[in-house]
Amino acid sequence: MTISKVSIFAITLLSAISLQACGTVPAEWKAGENAVATSADPDEIICRDTRMTGSSFDKKLCLPQSEWTAIAEASKKNTKRIQDSSARAIRSSGGGGG
């Protein structure tokens, strides 16, 4: 599967957002009233409103479901990598609170 330039941009953007948020989930991704429908069809185009860093306005980002899935997986990997790195740093410094 080839990842387009838009996909790479979206992955980078959403990874940066997840790094900045440190594990928080945007409201539009939470289950409930604002839940975003997902599709079993990987080629179906799904549009989501996303807030760009440094902007007060939402921007609609439309990508195939397969790319949204790839973005979510990349974001989870980045979050896990950061959490693991932080845990290693705490252990190696002898910290941990308490």
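Predicted model: local features only at pLDDT ≥ 70, side-chain atom pairs only at ≥ 80, totals over all residues.
1. Basis. Local features need pLDDT of at least 70 and side-chain atom pairs count only at pLDDT 80 or more, while totals for chains, interfaces and linings use all residues. Residues are numbered from 1 along each chain as its sequence is written, and side-chain values use heavy atoms, with hydrogens and water left out.

2. Fold. The protein chain has 2 helices and 2 strands, in the order α-β-β-α from the N terminus. Both are DSSP runs: helices are H or I, at least four residues, and strands are E, at least two, numbered from the N terminus.

3. Contacts. For residue pairs at least 6 apart in sequence, 34% of contacts (heavy atoms within 4.5 Å) join residues at least 24 apart.

4. Burial. Of 98 residues, 23% count as buried, meaning under 20% relative accessible area with a 1.4 Å probe, protein chains only.

5. Core. The largest nonpolar core has 5 residues: Ile46, Leu61, Leu63, Trp68 and Ile71. β2 (58-64) and α2 are the elements that give two or more residues to this core. Such a core is a set of buried Ala, Val, Leu, Ile, Met, Phe, Trp, Tyr and Cys residues joined through side-chain atoms within 4.5 Å.

6. Helix α2. Gly94 follows α2 and has a positive phi, near 80 degrees.

Conventions:
Buried < 20%, exposed > 50% of the residue type's maximum accessible area, 1.4 Å probe, protein only.
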